[in-house]
Each structure stands twice: as structure tokens, then as C-alpha cells.
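Hi everyone, thanks for making time today. Let me put the sequence and the structure up on the screen, and then I'll walk you through what I found.

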Amino acid sequence: MTTAAGPPPAGSPTGAADYADSFAAETPEQLGARHRALASATAFGTPRPVEPAVGATLAVLAASGSARSVVSIGSGGGVAGLWLLQGMRSDGVLTALDGDPAELRAARRAFGEAGIASGRTRLIFGTPGEVLPRLSPTAYDVVFCDGPPLEYSAHLAGLLGLIRPGGSLVCHGLLADGGIADRSARDPQSVAWREIARTVREDETLTCAVLPIGAGLLVATKR
């Protein structure tokens with residue numbers, strides 16, 4: 001962002017965020033998926049794709065845990081999935097579920113263009129309430145939640161139950177619009193974020209942190 005006064009100082013929040021995103025270089029396939037996801041968000045109101053810095057963080061989290069099994073709640077047009085696959089083991093499998101078939105088609109296209117073997121992804125149509133009971137408990141290294149928290153907040157216990165010891169739950173978007181920190185904000189989304197954050201923080205089996213990158217990441221690792 002450049003204004004009449006010149007570019008923002010390097011130490012400003014905007015300058016820091018821009019640097020973090022530029023540091024996370026995306027492949028042509030990731031950029032293509034991002035452009036399509038942004039166009040869909042503008043035209044149809046679907047969730048915006050994760051920022052490059054958030055994607056790179058997802059890749060680091062997956063790599064640090066040698067993730068073999070990952071669940072993504074919300075397919076996000078495949079943008080987050082490509083980053084997760086980048087950090088996962090070469091034999092890892094990403095399971096992405098979404099209640100929007102168009103989003104699943106976009107994710108399938110993104111994975112195909114990136115040359116991801118079909119056996120490394122499992123795309124499931126359905127809501128968390130419909131799909132989570134079909135997934136194996138304590139079998140996943142990372143569970144990533146994207147999109148509006150109201151779509152999965154009621155199923156937080158089930159999501160945590162999917163994670164093996166040493167695995168992590170990662171929720172994206174809690175710092176968007178500043179609602180979670182504004183106690184006067186009583187809209188359903190802000191309330192849902194507060195409840196998710198409070199539940200995770202008070203769970204003695206979890207070690208958690210909020211990372212102020214992109215729209216914000218809540219990361220909770222099971223002990």
C-alpha cells in the first residue's frame with residue numbers, strides 16, 4: 001500500500017504484514033488458485049483464501065510435526081490445502097470437507113494443476129456435523145478450520161477429538177474485524193470466536209497461542 005505520503009514505514013503493521021506475505025513466495029499453481037478464490041469471494045461471498053503468510057505458517061506446522069494425516073474444515077478453493085500439502089510428508093493425505101460443491105471443485109482443480117497425486121487428497125461434501133462422525137478419533141496430526149466459526153464452533157469437542165497427542169488444531173480468522181477483542185461486539189461471529197478461544201485456553205490438555213498474522217491464527221497443540 002502506497003499513499004501520497006509514500007510507502008508505510010517498514011515497522012508499521014501494514015509494512016510488516018506485506019513483508020510477511022511477500023516472504024512466503026507462492027508457486028504459479030498457488031497463485032492461480034488464489035486468484036480464482038478471490039474472484040469467487042467477490043462474486044459469491046465465499047470465504048477469502050488464507051493470506052500467503054498464513055499459508056506458509058500452515059506448511060511449517062505440518063512440516064514440524066511430520067504430518068501424515070490432516071483435515072481441513074472448508075476447502076478454500078485449495079489455497080490452504082496446497083500449503084498444507086507442501087509441509088506434509090510425501091505420503092501424507094489431506095482430507096478436505098466443504099458444504100459448497102463449487103468450492104470442492106475449485107480445490108480439486110487446484111490440486112490437479114499442482115500435480116498432486118489423487119491418492120493424497122480426499123474431498124468430502126458435507127458439513128462438520130455430517131462428516132466428523134465418520135472420521136477416526138485421535139488419528140490426525142493437524143485439523144485446520146477455515147471460514148465462519150459458526151459453521152464448526154458447535155463441533156469443537158469433536159474436532160479436538162480427531163487430534164492425536166502432539167497434533168494441533170488451527171483456526172483461521174479470529175482477529176478479522178477486531179470483533180473478538182471488542183467486548184461491545186455481540187454479533188454471532190464475534191461471540192463464537194470468543195467461545196472457541198475461551199474453550200481452547202481453558203483446556204488443560206492443550207498448549208495454545210494466538211498468532212497475529214493475516215486474519216489471525218489460533219493454534220492449540222494437544223499434550
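**From a turn to the core**

Let's begin at Ser66, which follows α3 and has a positive phi, near 45 degrees. Helices and strands here are DSSP runs (H or I of at least four residues for helices, E of at least two for strands), numbered from the N terminus. Before I go on, a word on the source: this is a predicted model, where local features need pLDDT of at least 70 and side-chain atom pairs count only at pLDDT 80 or more, while totals for chains, interfaces and linings use all residues. Residues are numbered from 1 along each chain as its sequence is written, and side-chain values use heavy atoms, with hydrogens and water left out.

Back to Ser66. It sits in the loop between α3 and β1, and that positive phi comes although Ser66 is not a glycine. As background, most residues other than glycine have a negative phi. Ser66 counts as partly exposed because its relative accessibility is 44%; the classes are buried under 20% relative accessible area, exposed over 50%, and partly exposed in between, with a 1.4 Å probe and protein chains only. Asp177 also has a positive phi, near 70 degrees, and is likewise a residue other than glycine. Asp177 belongs to the loop between β5 and α8, and at 80% relative accessibility it counts as exposed.

How far apart are the end C-alpha atoms of α3? They are 18 Å apart, and this agrees with the 18 Å that 13 residues, 52–64, should span at 1.5 Å a residue, since the expected span is 1.5 Å times one less than the number of residues. The buried residues in α3 are Pro52, Ala53, Val54, Gly55, Thr57, Leu58, Ala59 and Ala62. Helix α4, residues 79–87, is mostly covered, with 8 of its 9 residues buried; among them are Trp83, Leu84 and Leu85.

On to the cores. A nonpolar core is a set of buried Ala, Val, Leu, Ile, Met, Phe, Trp, Tyr and Cys residues joined through side-chain atoms within 4.5 Å. The largest one has 27 residues, and Ile73, Val143, Cys145, Tyr152, Leu159 and Leu169 touch the most other members. At least two residues of this core come from each of β1 (69–73), β4 (140–145), α7 (156–162), β5 (163–172), α8 (188–202) and β7 (217–222). Apart from it lies another core, of 26 residues, including Ala33, Val54, Leu85 and Leu217.

Leaving aside neighbours within four places in sequence, Leu159 is in contact, meaning heavy atoms within 4.5 Å, with Ile73, Leu132, Val143, Cys145, Tyr152 and Leu169.

Next, the pocket. A pocket is found on a 1 Å grid over the protein atoms alone, as an open set of points where a 1.4 Å probe fits, with protein on both sides within 12 Å along at least five of seven lines; lining residues have an atom within 4 Å of a point. The largest pocket holds about 380 Å³ of space, where grid points are joined across faces, edges and corners and the volume is that filled by probe spheres set on the points. Which residues lie nearest the centre of the largest pocket? They are Pro47, Arg48, Pro49, His172 and Ala215, out of 18 lining residues. The elements giving two or more residues to this lining are α2 (28–44) and α8.

His172 deserves a stop of its own. His172 is in strand β5 and counts as buried, at 7% relative accessibility. Not counting residues up to four places away in sequence, His172 touches, among others, Val50, Phe144, Trp193 and Ala215.

Is Val50 buried or exposed? Val50 counts as buried, at 1% relative accessibility. Beyond four places in sequence, its contacts are Arg34, Gly55, Val79, Ala80, Phe144, Asp146 and His172.

Leaving aside neighbours within four places, Leu206 is in contact with Leu160, Val200, Ala220, Thr221, Lys222 and Arg223.
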